[in-house]
Structure formats: C-alpha cells, structure tokens
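Here are my notes on the model, as numbered points. Have the coordinates open while you read.

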Amino acid sequence: MLKAVPGTNDIFAQAKEYPFQEPVFRYILKTAEEVLRGAGAQMIHTPIFEYLEVFQKGVGLTSDIVVKKEMYVLEDRGGRLLALRPEPTAAIVRAYNEHGMKVWPQPVRLFTWGPIFRGERQQKGRYKQFHQIDYEALGLADPLLDAEAIALMVRIYKTLGLKQLEVKLGSVGDPEDRTRYNQYLREQLSPFADRLSPDSQARLETNPMRILDSKSETDQAILVELKLKPMLDFLGPAAQAFHQQVCAYLDWLGVPYRVDPSIVRGLDYYVRTAWEVHHARIGAKSALGGGGRYDGLSEMLGGPRVPGVGFGIGVERVAIALKEEGVAVPPDPSPILYLAPLDEAAKIEALALAEQLRPKVSVEMGYTPKSPRKALEEALKKGAKYVGFLGEGERAKGVITLKHLESGEQKELEPLQLHSLFEGPLGG
Ligand code: HAM
C-alpha cells in the first residue's frame, strides 16, 4: 500500500496527531485572514510553482534553500525549469511587478496562505510541505510599515490565544554594512575553519553571517568562545536610524519585543529590519514565524526598485504551540439533522429532502438503508440534534418521523411542517 511522503501531512478532522487536525488549521487561517483583512490587506494567490529563477534570484544563491538544494525543481515540457515555491515573497514581488502595481496607491499590502515546499530533513515542526500565512507591504521604505507588520503578526498570534511569545528584533543592515560584517566574521572565524562543520566551512566563503545561525553544536561552541561582535554593531548611520525608528514605533504601539543584536535570517534578500517570533515551549531553533525588509528583492528579479517588508507565519508550528498552551479550538459544527432512509426506495427521497432543507440547516444522511436503532446510533455519533426516519410507513403517509435526540420526543411531520421547524437560524 502506498503511503504519503515522510515530511508531509494529511490534514483532516480526525487526524490522530492533534496539530494536524483540519479544524485547527481552519481556525488559524480564518483568524489570520480576519486580522489581515481588518487591517486593509488584500488577498492574493500566486501559483504554487514559478520559474526556478524567481526563487534562485529571490531567496539568493547562498541561502540554504538554494545551497542545500532544498527546492523541488521540475522540468516543463519545453525544458524550462520550474520550482515548487519554497517561500511566497519572491512570487508576490514578481506578481507586483508583472501587474504594474507600482502605479497603484502605495504601499500595496497583500497577504496569502498556502502550501510551501522545502526538501528539509524532517523533524518535529520541520516538514517538506508545510503552510505559511504571508503578509507583504510593498512600495514604501518607511519604518512605520515594519512596525505595523510586526504588530499585525503579534496580533494574529494573540487573537489565536497564544501567550508565551517573544519577538526577537534586529537589523541585518544595508548590503555594504553586511559586506563589512562578513569581512569581520571571515577574519575572526578563518583560524578555526577546520573545526567548523562542513556547512559552515563552505559558508565562510559565501556568506559567513549564516554560520551564526548554524545548527551544529560545535559551531555554536566556537561562536560562544569567540565572543563575536553582533551585526547590530556594524550598521551604517542610515540603517541604524531606521532600526531605532522601528523600535520607537513599536514602543509607541505597545508591542513587546527584545532587540536581538545577532539576528540572522535564512534568506539572502533581507536588508535592515529582520525579526523572528519564538515560543517558550517550542525549541529555540523553530520560530513560529519570521519576517523582514527586502528593499532590493524586486531588482534581484530584474524589476524596478520596490521596497518591501513582510512576514511568514508557519501554520504547523502555530498549531503545535496552540496545543502546547492548551488553547481550545472551536470544533467542527455537528449536523442539525441526520436523515435516515430505512429502505432502498427512501434513499432518493431522503436526498431530495436533504437538498431542500440544506440552505437553511445542515443535514447529513445515511446513504445505506439501516434499522432505526442503527440510524439512531449513527446520528448520535455525528452529534446531530434530530434524526429523521424515512421508510415504507412514512412513505404511505407522506411524512417523516422526527426524533429529538436529547429529549427522545418523536413525532410525524409533513414536509411543510419540517421546513417551518427549521426556519430559525439554528434549525429549531
Ligand atoms: P522563513 O523564516 O523562511 O521566512 O519562514 C517563515 C516561517 O515558516 C518560519 O518561521 C517557520 O514558522 C515556518 N517554516 C519554515 N520552514 C519550515 C518547515 N520546513 N516546516 C515547517 N515550518 C517551516 C520566509 O519564508 C519569508 N518569506 C518570510 C517573509 C515574508 N519575509 C518577508 N516577507
């Protein structure tokens, strides 16, 4: 029997592993959508695959996604290489340029949610297919938008019921600040090169900053030993002022955060503001979400200069955090009425009646005729309020037998009486 690829999840209501139950997912997506729509952002859906270059150029040649070949690449019939999206931001910037959004009133604020694909090694909270809620504010390089994005992100988590959160805020500076910092790191780390993990040895050449984010314990021990200066010490005056402004706005808004001077993000397009949201009960290496500013991304994709800032929230990780904090998620609503055909001839009658009643009330039916006792058991299992029986006797009289499951009260009703019973918003 074939099985799902490890690192992917089936998300359905009865899934045994709690975080992957569909009502939990729906609760997260619905809440995020309400918060973001309420803030005036517009929804966008981009394709789940793009030309490979969009992501190669977008997330950058030194990101893990590209270096570790985490992208799922496929070949089109014409031989063009496509990639399943490893993140949505580059695709949204591509869409912004393609549809001439630059002439719209700026900023253009967009959000999306959907599956994301990264061929990472599977572990708790790290999957090959996962889901993100993503928000982007494009077209303005104003620190106000950075503060707003962080505030919106925090509001999504809080509205969901999460409490044990921490926003770690930093700045990765402007490209020239980063060049100076990388130079410093290279100088400091080169004498220890042979003790570094193979990944970090390679990064020493390409992007030493990413070594700071290494998951290897030996690398981390070396970093602690060296007492390296953080990125924040290398900011030029412009990036420094921008960072302070973001902090001032967050203070004004009353959004709690901690300045993390050494924050590093995994994607190459970031400039200036960078942040991650962590949860006290989930490992330090597994952020609930992250974001930042990417003023050069559009140009990396061959477009004009389009400043932007945004965030991505990992839906699976939020689901895990909700479980850790014991947040109760609204369950799926139960059907009001369970219609049970008692013989073959009643099947289509039951379906026709269900179809008539459905706009007013949620109706489920038993598709295979069964005894009234079995039908009752099934209706109870489904959590229905009423069970309706349709058999030979009912057919002869032109009625259905309706039983209120809680009181046990039972009566015969004609279709018209049944319709009026379910007129109310909760179906009687
Ligand atoms: P990211 O930090 O790569 O940022 O991903 C955002 C979030 O997605 C992470 O914080 C985490 O919660 C979740 N995530 C990442 N990888 C996995 C995985 N393998 N399994 C489960 N969850 C995962 C971005 O993708 C940027 N596009 C965010 C952004 C938007 N920056 C600006 N705008």
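1. Helix α11 is followed by G326, whose phi is positive, near 65°. Helices here are DSSP runs of H or I with at least four residues, strands are E runs of at least two, and both are numbered from the N terminus. Before you read on: this is a predicted model, where local features need pLDDT of at least 70 and side-chain atom pairs count only at pLDDT 80 or more, while totals for chains, interfaces and linings use all residues. Residues are numbered from 1 along each chain as its sequence is written, and side-chain values use heavy atoms, with hydrogens and water left out.

2. How much of α11 is buried? Eight of the 10 residues of this helix (315–324) are, so α11 is largely enclosed by the rest of the structure. Buried means under 20% relative accessible area, exposed means over 50%, and partly exposed is in between (1.4 Å probe, protein chains only). The buried residues are V315, E316, R317, V318, A319, I320, A321 and L322. Their cover includes α1 (22–38), β6 (129–138), α5, β9 (271–279) and β11 (308–314).

3. Take α1 from that cover: its axis and that of α11 come within 10 Å and cross at roughly 110°. Axes are lines fitted to C-alpha atoms, for helices over the stretch in contact, with angles running from 0 to 180 degrees between N-to-C directions. That makes α1 roughly perpendicular to α11 (under 35 degrees is roughly parallel, over 145 roughly antiparallel, 65 to 115 roughly perpendicular, the rest oblique). V24, F25, Y27, I28 and L29 of α1 make the contact with V315, E316, V318, A319 and L322 of α11, contact meaning heavy atoms within 4.5 Å. By class, these residues are nine nonpolar, no polar and one charged. Nonpolar covers Ala, Val, Leu, Ile, Met, Phe, Trp, Tyr, Cys and Pro; charged covers Asp, Glu, Lys and Arg; the others, Gly among them, are polar.

4. The other helix pair to look at is α5 (143–160) with α9 (237–253), whose axes come within 8 Å and cross at roughly 45°. On the α5 side the contact uses P143, L144, D146, A147, I150 and A151, which meet F242, Q245, V246, Y249, L250 and L253 in α9. That contact has 10 nonpolar, one polar and one charged residues.

5. Which residues touch the most other members of the largest nonpolar core? Out of 51 residues, they are I28, L36, Y135, I150, W275, F311 and L322. A core here is a set of buried Ala, Val, Leu, Ile, Met, Phe, Trp, Tyr and Cys residues joined through side-chain atoms within 4.5 Å. Helix α5 gives the largest share of this core, 11 residues. Leaving aside residues up to four places away in sequence, L322 touches V24, Y27, I28, L160, L162 and V327. A second, separate core has 48 residues, among them Y96, L196, I222 and L223.

6. Some backbone spots to check. The Q106 to P107 peptide bond is cis, with omega near 0°, and P107 is in the loop between α4 (89–98) and β5 (108–117). K227 has a positive phi, near 45°; K227 is in the loop between α8 (217–226) and α9 and is exposed, with a relative accessible area of 71%. R272 also has a positive phi, near 55°, but R272 is in strand β9 and is buried, at 16% relative accessible area.
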